[in-house]
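This report describes a helix, a surface patch and a sheet. Please view the sequence and the structure together while reading.

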Amino acid sequence: MVLSIMKNKSDTYKRLVWIGVIILIGIGALIYNEYLDSLPQRYTIGTIYKVYKPPKGSPVAAFKYVIENKEYEGSISISGNEELAKSGARFLVEYPVDHEGSGILLFENPVPSTEKSPYQGWSSKPSFN
């Protein structure tokens, strides 16, 4: 009986520790994302190369973009943008300076197929008429 009670307390303690670790990781991710948002942003062109539905969650678009001849990949939920998110579609990608791999595709900023991105991207958001 005493052994059973001690085992239950030990299991409860382990669960609480794991929950605490998960919460700390979540808070750390939020703080890191806020940090990235606070940095100066640059812009380049991203191209969707695949639209798919993962086993859990909403449909996603996978995209690629190039900065200084280096290719990066990202993915983004297409919820609310299903009509825009087609393979081959091009949109602006916003990325923090010195964190080029953290780019976010901007569905509200489509890019014409004739437009080319500068080698290091744009320092301010371009508009295409």
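## Helix H1 and Val21

Val21 lies in helix H1, which covers residues 2–38. The model is predicted. Val21 has a relative accessibility of 34%. Buried means under 20% and exposed means over 50%, with partly exposed in between, so Val21 counts as partly exposed.

## Nonpolar surface patch

Val21 is also one of the residues of a nonpolar patch on the surface.

In what order do the five strands of the open sheet run? The order is E3-E2-E1-E4-E5, and the pairing is antiparallel. Strand E3 (70–77) and strand E5 (104–110) are the edge strands, each pairing on one side only. From one strand to the next, the twist averages 40 degrees.

Strands of a sheet pair through backbone hydrogen bonds, in either a parallel or an antiparallel sense.

## Strand E1 and its two partners

Strand E1 (residues 41–52) pairs with strand E4 (residues 90–96) over seven bridges, in the antiparallel sense. Gly46 stands opposite Phe91, a residue of E4.

E1 is also joined to strand E2 (residues 60–67), here by six bridges, and these two strands likewise run antiparallel. For Val51, the bridge partner in E2 is Ala61.

Key. Residues are numbered from 1 along each chain as its sequence is written. This is a predicted model: local features need pLDDT of at least 70, side-chain atom pairs count only at pLDDT 80 or more; totals for chains, interfaces and linings use all residues. Side-chain values use heavy atoms; hydrogens and water are left out. Patches are made of residues with over 30% relative accessible area and no salt bridge: like charges are joined within 9 Å, nonpolar side chains (Val, Leu, Ile, Met, Phe, Trp, Tyr) within 5 Å. Accessible areas come from the Shrake-Rupley method with a 1.4 Å probe; for residues, only the protein chains shown count as cover. A salt bridge is a side-chain nitrogen of Lys or Arg within 4 Å of a carboxyl oxygen of Asp or Glu. Helices (H or I, at least four residues) and strands (E, at least two) are DSSP runs, numbered from the N terminus. Buried means under 20% relative accessible area, exposed over 50%, partly exposed in between (1.4 Å probe, protein chains only). Two strands pair if DSSP finds at least two bridges between them. Axes are lines fitted to C-alpha atoms, for helices over the stretch in contact, and angles run from 0 to 180 degrees between N-to-C directions.
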